[in-house]
Amino acid sequence: MDYGAAIRERSLPAAWRSDNFGALLTNLESYLPEQDLPGIVAAYEYSAKVHEGQLRRSGDPYITHPIAVAEVLAALHLDAGSIKAALLHDVIEDTASTVDEIRERFGEDVALLVDGVSKLDRLRFDSAAEAQAESFRKMLLAMVRDLRVILVKLADRAHNMRTISALPLEKQRRIAKETLEIYAPIANRLGIYSLKVELENLGFSTYRPFRYRVLERALRKAKGNQRHVLRKLETRLTKVLGDEGIEARVTGREKHIYSIYQKMQRKHVHLSEIVDVFGIRVIVQDIDTCYRVLGLVHKLYKPMPGRFKDYIAIPRVNGYQSLHTTLFGTNGIPLEVQIRTDEMDQVADRGIAANWQYKAVDKQTYSTEERARAWLSGLMELQHAASSEEFLETVRVDLFPDKVYVFTPKGEILRLPRGATTVDFAYAVHTGVGNRCVAAKVDRRLVPLRTALNNGETVEIITARSARPHASWVNYVVTAKARNAIRAYLRNLEKDEARTLGKLLLSQALRPYSLSLRKLRKVRINSVLEDLGLSELGSLYEEVGLGRRIAPIVAGMLAQDAKRDHMAAAARRQPLDVAGTEGLVVDYARCCYPIPGDDIIGFMSSGRGIVIHSESCGNLAEYRKQPSKWIPVRWMSRPRREFLSEIHVRTMDRVGLLAEIAARISATDCNIDRVRVDTEADGAVQVFRLRVRDRKHLAQVLGSIRTIPGVVRVTRQAGERAAERRADS
């Protein structure tokens with residue numbers, strides 16, 4: 001069949017006209033080669049056949065949905081493969097069709113696209129969140145192979161949002177929230193403005209319907225007042241540009257509702273305080289003309305200080321390029337003007353979709369497809385070291401546009417999200433730099449690592465070979481790369497430390513059997529590993545170090561001595577020396593705060609390693625029910641760190657007493673970790689959490705505080721406090 005002729009003669013089959021496929025074909029014929037149309041018709045006919053008899057929640061035939069998805073992509077002028085994938089995107093999920101069948105009929109290209117868009121309904125997950133996360137991970141993998149996967153998915157979501165009213169209210173809200181948090185930001189990150197705006201407005205009107213209606217009414221009223229002013233400005237600007245011999249297209253523009261709502265939320269301002277709700281867009285031929293027009297505009301109206309942004313020289317992360325300036329317009333009304341080339345306008349509206357029709361010819365126009373691929377490659381590096389849900393949270397964080405531009409000491413520009421710290425900067429330079437950073441300079445001044453960066457600052461990172469990431473960094477970094485790199489390092493560090501500790505505990509547990517790890521036969525070790533379901537000896541060390549396996553029991557299995565009482569053997573083993581520097585697998589209990597000089601005992605806690613308690617701890621009675629998990633421990637002669645301890649200071653009510661106590665504590669070379677004051681009728685109890693070296697150091701602190709006038713009593717709260725808390729409960 002000659003589809004082009006049929007379209008021109010309006011002799012399409014009746015079925016095609018009834019489900020809008022004819023209108024789609026007319027649109028496609030306007031930009032696709034005629035030889036591509038038969039393949040698209042074949043995809044439509046196959047989809048219509050396998051979906052026959054299926055209805056959507058709205059009651060419409062199911063085939064209307066794939067056609068609508070294809071229409072969204074046709075509006076972006078996507079290629080024939082994308083249109084076929086759109087028509088077939090639900091056949092694997094909702095019919096008996098398979099990927100192999102799609103591959104055989106329509107080729108590898110289309111099969112990969114369809115499979116990438118398909119959800120993971122055939123798999124089972126522990127939670128809906130995990131299913132959503134794993135589905136997104138699969139889609140991301142397909143996106144890396146072919147970016148058109150996400151375009152089909154975005155078009156699919158756009159049509160689903162258009163028809164969402166047919167679903168139950170609770171499901172509408174869930175889908176709308178997901179659209180606002182994931183799909184609209186992806187469209188923005190890929191520069192597809194038209195889809196971003198539609199997804200945001202549809203998601204907002206569904207998720208926050210009352211707020212949407214209030215803003216819509218206010219904007220409709222404001223637009224009526226501004227229409228005359230905008231028309232007058234457009235006319236004047238067109239005349240000035242014409243007088244200068246500049247060919248330009250001048251149009252009015254309006255900020256969309258969800259974008260306005262976000263700005264009001266972010267800046268805590270009223271609608272009347274948003275200055276760029278309405279504006280003017282000027283489209284010219286080349287970049288040089290953009291800057292000429294900027295000069296003319298600033299001659300015509302005074303620019304508002306601090307409101308000029310050059311996104312041509314420094315594009316946004318999604319490839320968006322334009323000059324933005326805010327002017328004092330007629331009667332002092334603020335007016336935003338955007339100046340860009342025609343090519344930049346195409347990319348601003350269609351993002352990576354523009355690459356299939358509009359290729360960059362200006363050297364300063366950045367490829368949005370290259371940026372998208374770089375972003376996806378970065379996410380793929382992160383996804384290997386995270387669980388599905390953690391990975392989805394990473395993507396959520398990473399989706400929002402960059403706002404801060406800072407410089408390296410060599411003058412290179414780095415883009416970082418708003419609120420990024422010097423640690424984020426270090427990891428943006430290189431993961432190795434982040435892992436070894438110990439200090440930072442901003443504009444040549446030393447600053448704390450948690451310092452948030454501002455536009456235009458020059459940042460220098462100071463590193464040390466022996467340095468390593470600190471767990472607290474996760475609390476203030478904002479970039480996904482930094483957060484995942486820190487977590488991955490700490491995970492591996494804990495694993496290494498657990499193996500070292502496990503090997504030490506197992507060696508110690510073997511001594512009562514007059515054995516060592518070197519003397520054990522390999523056959524026996526392999527037999528025990530097989531019994532425990534472990535692949536290697538290192539994994540066994542890790543299990544023992546983290547407290548998931550009890551060292552004396554494992555030692556008994558390795559010694560293969562069933563007659564011997566393993567627990568008795570464990571009781572005869574030498575105590576384990578602790579120095580406070582063992583890392584993540586040796587923890588110090590917060591119920592009794594043990595410090596060097598206290599009599600201590602270790603408890604093997606599953607997943608945490610060894611938890612050190614004071615022998616006077618009130619919780620010991622509870623834990624003694626599990627004798628197999630206790631191990632003898634003792635302090636090394638010179639522990640190499642400070643330890644937390646808590647003291648209670650009962651005082652009379654006197655002005656300045658808290659400051660005086662803090663000064664005395666500081667004078668004894670002791671750091672205060674936390675302070676809490678509990679007031680009473682006749683005074684107060686001041687609770688200090690301190691960092692001390694040992695019992696002798698703590699005794700100096702207590703002695704110093706006791707001499708202060710107004711102090712009634714000073715006590716160390718350790719095991720006694722835990723016992724009292726259990727008695728009260």
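View 1. The structure holds 1 cavity of 30 Å³ or more, a cavity being, on a 1 Å grid over the protein atoms alone, a set of points where a 1.4 Å probe fits but cannot get out. The largest cavity has a volume of about 40 Å³, where grid points are joined across faces, edges and corners and the volume is the space filled by probe spheres set on the points. Its lining, counted as residues with an atom within 4 Å of a point, consists of Leu233, Leu237, Ile280, Val297, Leu300, Tyr301, Leu327, Leu335 and Val337. By class this lining has 9 nonpolar, no polar and no charged residues, with Ala, Val, Leu, Ile, Met, Phe, Trp, Tyr, Cys and Pro taken as nonpolar, Asp, Glu, Lys and Arg as charged, and the others, Gly among them, as polar. At least two lining residues come from each of helix H14 (209–243), helix H16 (287–300) and strand S5 (334–341); helices (H or I, at least four residues) and strands (E, at least two) are DSSP runs, numbered from the N terminus. The model is predicted, with local features requiring pLDDT of at least 70 and side-chain atom pairs pLDDT 80 or more, whereas totals for chains, interfaces and linings use all residues. Residues are numbered from 1 along each chain as its sequence is written, and side-chain values use heavy atoms, with hydrogens and water left out.

View 2. Strand S4 (residues 323–328) runs antiparallel to S5 and is joined to S5 by 6 bridges, and histidine 324 stands opposite glutamine 338 in S5.

**View 3. The antiparallel sheet of strands S16 to S19.** The 4 strands of this open sheet have the order S17-S18-S16-S19 and pair in the antiparallel sense. Strand S17 (671–680) and strand S19 (711–716) stand at the edges with a single partner strand each, so one side of each is left without a neighbour in the sheet. S17 and strand S18 (residues 683–692) pair over 9 bridges, and leucine 690 in S18 is the bridge partner of isoleucine 672.

**View 4. Helix H4 and its buried residues.** Leu37, Ile40, Val41, Ala43, Tyr44, Tyr46 and Ser47 of H4 are buried, that is, under 20% relative accessible area with a 1.4 Å probe and protein chains only.

Note on methods
On a 1 Å grid over the protein atoms alone, a cavity is a set of points where a 1.4 Å probe fits but cannot get out, and a pocket is an open set with protein on both sides within 12 Å along at least five of seven lines; lining residues have an atom within 4 Å of a point. Buried means under 20% relative accessible area, exposed over 50%, partly exposed in between (1.4 Å probe, protein chains only). Two strands pair if DSSP finds at least two bridges between them.
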